[in-house]
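Okay, thanks everyone for coming. Let me put the thing on the screen and then talk you through it.

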Amino acid sequence: MKLSITKAELTRGLARIQAIVEKRNSMPILANVLLEAKGSGEEGTLELAATDLEVGIRGLHPADVSEEGALTISAKKLFEITRELPDETIHLESTPNAYLTIRCARAEFTLAGTAAEEYPTLPTFTPEKVVPVQAAMLGQMIERTMYAASVDETRYNLNGVYLEVLDGNKLRMVATDGHRLACVDRTIGDDAKALASGVIIPRKGLAELKRLVDEDDADEIELAFEGNNGLARRGNVTLVMRLIEGEFPNYNQVIPSSLERQIVLAADPLLHALRRVSLLASERSRAVTLELGDGKLVISSSNPDLGDAREELDIDYAGETLQIGFNSKYLMDALGVSGAKEVRFGLQDDLSPAQLVPTDDDDTLAVVMPMRI
Amino acid sequence: MTDHPTVILHADMDAFYASVEQRDHPELRGKPLAVGGDGPRGVVSAASYEARVFGVHSAMPSFQARERCPGLVFVRGDMARYANESRKVFAIFRDFSPSVEGLSLDEAFLDLTGSERLMGTPREIGERLRARVRNELGLPISVGIGPVKMVAKIASGAAKPDGLREVAPDEVREFLDPLPVRAVWGVGAVGEQRLLAAGFHTLGDLARADDRRLEERLGDWGLSVARLARGRDLREIEPYREAVSYSEENTFRQDVSDRGVLEATILTHAESVARRLRRDKVQARTVVLKWKEGKRVAPGPRGYRVHTRRVTLAEPTDDGDLIAREARGLLARAALDQAVRLIGVGCTNVIGERPTQLGLFASPEREKRSQLNRALDEISDRFGGGTVRRASQGPAERAGLTLQIKRGEEASGDGVRAQSDDPVRELDHHGIEEEEPDSPDR
């Protein structure tokens, strides 16, 4: 393998895979990136690939290839070196005994690598049909749901975001950890029909997808799901992942259909009041009490070791008083990602799920189960 | 922890049930009185001090009590009323300390550490507490004060009836040394024999003994008993910690290979553990099954192979049926090829009840079970001691098994200790828990 590539291109490709390369030492080779030079001359490409066996990413980068070949090398070291090199053309060359020489201006490095054949095959499939989705919109959907996914490994079916196609033209993402739920719907057009519905994308794959979405690249991202595999493609980058095998709970039954009490609140003041009051909530439960009364909402917390906190917000409400406990983090998480100026807070009673919806976006929904106080 | 020296108060109602009866029925005052059944199989559950003079004591068969004290008056007893009185007593306790650890209906430890500046000397606090119980409830109570739990408890015994005994830190040795070894917490009949055989008769003998000699003759157990005898109760280092695991286990009289018997025993333990979770208003997420193989693989008391299996649930529970189901599942997955000598069920990963995060997907069935459990608990509270009787009269007993049940409530903080083979608590026949000396817990 012998090629020349710009610093910008190589840095970008290596940065992208850093989160995927395995930090734990279960399989040392997974800490490596697979480099593969293809084609010849200025039309050539350098493919950078990495996997943790669950998620794999592959990027094609224009390079001036004088000799095809492949090699794996420590992803972290190569990235660190590349970042520090001067902004000039970088020359990569492998030796027969799997060493990689990196030359740039007057600097030269030699790194010990491992033969490409030893690298595990990336999970991959060739989709019959891909569905284009606006990258920015997909990013927003991920951001507004992923926070609610469970991190508890014993609930593996909740360790991701459920994705489903509605009415043949809408994409829905749902995540829950059993205590709160987030659900976002967006219209993507009739192409949606071609997308397999009812898959669970794991958190790690989703985080990679979000990273891909956030890159400065083509406006659209292509998605495909087949059996147990998911694929996302944007420009020259392909992300593949194993989906979560398991049944997502019947989430529709926990989304309240009607709520007796509805109050409208400016999102920012509510978020800040919660942040302040939760400072005195117990660190374990993070419980705050909300008291809905005539014209005002009182948020309070108390901690036997510290003291009490209390803050009032004006609301348009004239009904029965309701006292209800919440894990403040759940409310703050939902408010933090909603992007809303104003939210409608729907409550039934102190033991039923509550709902937070931006007043200008009925399709971004957060459901939070209260705490028994 | 604070810089203040630890001060523990042990408050113990005097002949509680009998005192309640004498208070409410003036005609019984001054008479030898026993609360309990007077039938041929009746047992005395409490005896007034007038009866104790004749040698009547609790847990004594009623016919024997009558032999000793011909004029003995029997009262059947009303657990609901006693439980109600107990709530009032504990409400007073809680006015004196935020850390109240109830041991039973009529006794508790109160941590007075650091409260001197606010509330006066320990003796003043103790006298005020006694006065309030006397004035507000009309009941006698004795109080012991000491630097550690065991000393406080022995002191309250010495103060009885209706007295107060304070043992200052520099008086501990003088107070403990002349006591017989049986006075050490967790030393029962068997332990006493072992200590006597090794030449230790009093706490002073133990306190003065050389650690090496103790260890040689009695092992770790000897060291921990001596530690207690010296008034150094390790349980006081971090008093009133929350329990992180609950468990119950039994050793079968004969090794069991019948899965039906094992499953029935698991249910008995699971119900009992669940009841204690509910009593402490906590729930647990991890269910642990433990069993010991009957085949001896090494000499000594630990010469049996012990296995544990655990499963973590999606939602915490305090439901015995669910715990039993999970534990039976663990048993089903275990390849048992040996008869079982001991089996136990435990719960770890304990989560305090309030505030409790409610689950979105909690099934209505779950809610129904929890209502049912609350109702059952109420019944068993009302009839008192039901916890213990049910546990020992369960299928395990019907299967002809030993009644010896060990209960554990560990607060080691890491959860791992839940697997340890140490018996933590032993249950005597009327439900008062005796602690093993090698337990660092309350």
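I'll start with the ground rules, move to the contact between the chains, and end with a sheet.

So, this is a predicted model: local features need pLDDT of at least 70, side-chain atom pairs count only at pLDDT 80 or more, and totals for chains, interfaces and linings use all residues. Residues are numbered from 1 along each chain as its sequence is written, chains are lettered from A and ligands numbered from 1 in the order in which they are written, and side-chain values use heavy atoms, with hydrogens and water left out.

Chain A puts in 27 residues and chain B 16, where contact means heavy atoms within 4.5 Å. Together they bury about 1700 Å², with 57% of that on carbon and sulfur atoms; buried area here is the accessible area (1.4 Å probe) that two parts lose on being put together, summed over both. On the chain B side, look at Gln357(B), Leu360(B) and Phe361(B): they supply 43% of what chain B buries against chain A, more than any other three residues.

What about charges? The rule finds one salt bridge across this interface, meaning a side-chain nitrogen of Lys or Arg within 4 Å of a carboxyl oxygen of Asp or Glu. That's Arg285(B) with Asp152(A), at 2.6 Å, N to O. As for where the chain B side comes from, β11 (304-317), β12 (340-352) and β13 (356-357) of chain B each give two or more residues; helices (H or I, at least four residues) and strands (E, at least two) are DSSP runs, numbered from the N terminus.

Here's a bit I like. Strand β26 (residues 371-372) of chain A runs antiparallel to β13(B), joined by two bridges, and two strands pair if DSSP finds at least two bridges between them.

Now to chain A itself. It has an open, antiparallel sheet of eight strands, in the order β6-β2-β3-β4-β17-β16-β15-β10. β6 (69-74) and β10 (131-134) of chain A are at the edges with a single partner strand each, so one side of each has no neighbour in the sheet. Inside the sheet, β3 (residues 45-51) and β4 (residues 55-62) of chain A pair over seven bridges, with Glu47(A) opposite Leu60(A).
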